[in-house]
Amino acid sequence: MTKRHGYAVLSALLALIVAVCAAVYVTVATDDGTPSSTFAGTRPRHGSSVAPASTGTWVGAWSTAPVGGEPGTETTGLAGRSVRNVVHASTAGTSARITLSNLYGQSPLTITHASLAVALGHDTAVADAETMRRLTFNGATSVVVPAGGQVLSDAVRVVVPHDSDVLVTTYSPTPSGPVTYHPHAQQMSYVAQGDRTEDATGAAYTEQTPYWRYLTALDVLSNEATGTVVVFGDSITDGITSTVGANRRWTDVLAGRLHTAVAGGDALPRYGVVNEGISGNQVLADGLGRPAENQSGLGRFGRDALSRTSVKVVVIDLGINDIIRNPALADPGRISEGLRTLVRQAHARGLKVVGATLMPFRGHRGWTPAREAVRQQVNAEIRSGRVYDSVVDFDQALRDPYDARRLRPEYDSGDHLHPSDLGFAKMGDVFDLGALKGAGQAEL
């Protein structure tokens, strides 16, 4: 071999190595890191809306807890109908993805068509047509969600503004058994006959529903937020007495305050806020069924709080139902220890926990002097610093100055347990945003 021939071979080898490295780099750079899910069906011919790798952080913009199987759907589910869930984004993003749950299904749920779009306004089924995106699951347009399971969609490129409503629509052609749902959504969603998944006009969505179905999370790729606050609680966090469609839960107020403060230059963490409240939820006791409907706080904490996307802080407002719904007299020590167990689980993940005192309920049908004493004992333990890292004193903020066992009249929805819109606003306003700073842990 001549020296000139040797140089030519070496140059060719170097060119081949460079080409292979470039191909590997392109392959890695276009992987968006979205976890795969069970899928079926064809892959879309046009994938321009599928999000590539980008800058920003995946955070929770909205979420809800699966509660049970929807009554009346035990046999056919919602076969042959399009379900359009309306959810409210607590933070902005440039891409989005969703989680669908079949936790309470007794057979596989086949979704053959799913879409995501930004709503044209608040409290409507009408979509901004330019934002309509077909969702895929591991690249496929159909997905099979196993009974008891959940799936995460691929990410799609779409601008989701802060404080906007987002429409997530699913269509299933086949019976699937009980529909996993969240009642008391305090938000009207919509149903249409047939596959109207990408219908932006909303004209076919003539049926309204007060439930969220199948959908349990909306994540966004955000340059605005770097983490998620998960608020974990009962009907007071669920916002059961807030105005429907108005986003006046106390968690909505908290999210708005945090966004405004950060935008104004305050040195606060940039977090989305998600609501994991379930009406009637208890720290210690499960509901009926297998899996248990309205699962206890201890049972669902890992799923509904610790597994949320980029969770940094957990806020807990739980325990009043352990007092009211216990046929005997509740043990305040067991309630407090149950709350401490949740805190220890959060600390094991490096998360900070802010906890709330239990608000007064005299006048409610479940109130007795003995139960009031239990509430006071639990609150004393919370205020002592032996339960949470930081405390928000909702009891002090909302109680009647003339009778500390009652809600202040203007903060009372009328049932003497749940706040009015004004009461929820007060809860969001008294929350110290500085409590969201840091990752310190209490010595328990």
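Modeller: I will begin with helix α3 (residues 250-263) and helix α9 (residues 421-430), whose axes come within 8 Å and cross at roughly 40°. Helices here are DSSP runs of H or I with at least four residues, strands are runs of E with at least two, and both are numbered from the N terminus. The axes are lines fitted to C-alpha atoms, for helices over the stretch in contact, and the angles run from 0 to 180 degrees between N-to-C directions. Angles under 35 degrees count as roughly parallel, over 145 as roughly antiparallel, 65 to 115 as roughly perpendicular and the rest as oblique, and α3 and α9 are therefore oblique to each other. Their crossing is right-handed, a term used if the near helix is turned clockwise from the far one by less than a right angle, with left-handed used if the turn is anticlockwise.

On the α3 side the contact is made by W250, V253, L254 and R257, and on the α9 side by F424, A425, M427, G428 and D429, where contact means heavy atoms within 4.5 Å. Sorted by class, the contact of α3 with α9 has 6 nonpolar, 1 polar and 2 charged residues. In this sorting Ala, Val, Leu, Ile, Met, Phe, Trp, Tyr, Cys and Pro count as nonpolar, Asp, Glu, Lys and Arg as charged, and the others, Gly among them, as polar.

Before going further, please keep in mind that this is a predicted model, in which local features need pLDDT of at least 70 and side-chain atom pairs count only at pLDDT 80 or more, while totals for chains, interfaces and linings use all residues. Residues are numbered from 1 along each chain as its sequence is written, and side-chain values use heavy atoms, with hydrogens and water left out.

In the loop between α2 (235-238) and α3 lies N247, which has a positive phi of about 55° although it is not a glycine. Most residues other than glycine have a negative phi, and most peptide bonds are trans. N247 is buried, with a relative accessible area of 15%; buried means under 20% relative accessible area, exposed over 50%, and partly exposed in between, with a 1.4 Å probe and protein chains only. D163 also has a positive phi, of about 70°, although it is not a glycine, and its place is in the loop between β10 (156-160) and β11 (165-172). At 39% relative accessibility, D163 counts as partly exposed. A cis peptide bond, with omega about -5°, joins R290 and P291, and P291 is found in the loop between β18 (271-277) and α4 (297-306).

The residues that make the contact are P332, I335, S336, L339 and R340 of α6 and V374, Q377, V378, E381 and I382 of α7, and by class they comprise 6 nonpolar, 2 polar and 2 charged residues. Within α6, S336 is buried, with a relative accessible area of 4%. Leaving aside its neighbours within four places in sequence, S336 is in contact with V378 and E381.

Turning to the strands, an open sheet of 6 strands runs in the order β7-β6-β11-β3-β13-β14 with antiparallel pairing, where two strands pair if DSSP finds at least two bridges between them. Its edge strands are β7 (133-134) and β14 (207-209), each of which pairs on one side only. Strand β3 (residues 81-88) pairs with β11 in the antiparallel sense over 8 bridges, and S172 in β11 is the bridge partner of R81. A114, found in strand β6 (residues 113-118), counts as buried at 0% relative accessibility. Leaving aside neighbours within four places in sequence, A114 is in contact with R133, R134, L135, F137, T169, T170 and T197.

For the protein as a whole, the secondary structure comes to 9 helices and 23 strands, and buried residues make up 54% of the 444 residues.
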